Amino acid sequence: MALTKEEDVQMMLVCKTHLGTRNCDYRMKRYVFRRTVDGIHIIHLGKTWEKIMVAARVIAAIENPADIIVASQRPYGSRAVLKFSQYTGTLAMAGRWMPGTLTNQITTKYLEPRLLIVTDPRTDSQALKEASYANIPVLALCDTDSPLENVDIAIPANSKGKESIALLYWLLAREVQYLRGTLNRATGWEVMVDSFFW
């Protein structure tokens, strides 16, 4: 099982987590390693890995995991989000984001989370906007062209491919369990990444 940074980075390469887009947001420049001949930006996977570790610490620091919402409007991210929630105890919101979830107190689905995790700042823009109104910190998987407004912690990665999204949530879930002490680092995690794939 992957225990080191090198092995995690190799998995990221296999899942094409390093492939960005042709466009690059100026705030994402610091995470870009270089550009290929055909103009695709390559993401620095060492930085991706470090940000996953930071994000896992943030998630593990929240005492009640049910206070964390993990949202994904992308169909590819929906299964990964549900699996992530299964292993970490967070609240999954796969599929359509109900507008007013964080802002409209009258609705039955009104929630007051401590943290919001989104799969893509552009597709989950409604969730991001509401989080900014309610002062909720946001953790996002950002591609090279993602807008970083209202994102507090960006994990630079390919948030378009299904394998990439799945692997990121798998790594995050594993690291959170390590930090909480529910998993032992020496034995590793026997759950396969495949169960997170769409």
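Two strands pair if DSSP finds at least two bridges between them; helices (H or I, at least four residues) and strands (E, at least two) are DSSP runs, numbered from the N terminus. In this predicted model, Leu-139 has Ile-153 in E7 as its bridge partner. Strand E6 (residues 138-142) and E7 run parallel and are joined by four bridges.

The model is predicted, with local features needing pLDDT of at least 70 and side-chain atom pairs pLDDT 80 or more, while totals for chains, interfaces and linings use all residues. Residues are numbered from 1 along each chain as its sequence is written, and side-chain values use heavy atoms, without hydrogens and water.

Axes are lines fitted to C-alpha atoms, for helices over the stretch in contact, and angles run from 0 to 180 degrees between N-to-C directions.

| Helix pair | Axis distance | Angle |
|---|---|---|
| H2 (residues 45-61) and H5 (residues 162-180) | within 9 Å | roughly 50° |
| H1 (residues 5-14) and H2 | 10 Å | about 115° |

H1 and H2 are therefore roughly perpendicular (65 to 115 degrees). Contact means heavy atoms within 4.5 Å; among the residues of H1 that meet H2 are Val-9, Met-12 and Leu-13.

In the other pair, residues of H2 including Ile-52, Met-53 and Ala-56 meet residues of H5 including Leu-168, Leu-172 and Val-176.

Notes. Angles under 35 degrees count as roughly parallel, over 145 as roughly antiparallel, 65 to 115 as roughly perpendicular and the rest as oblique.
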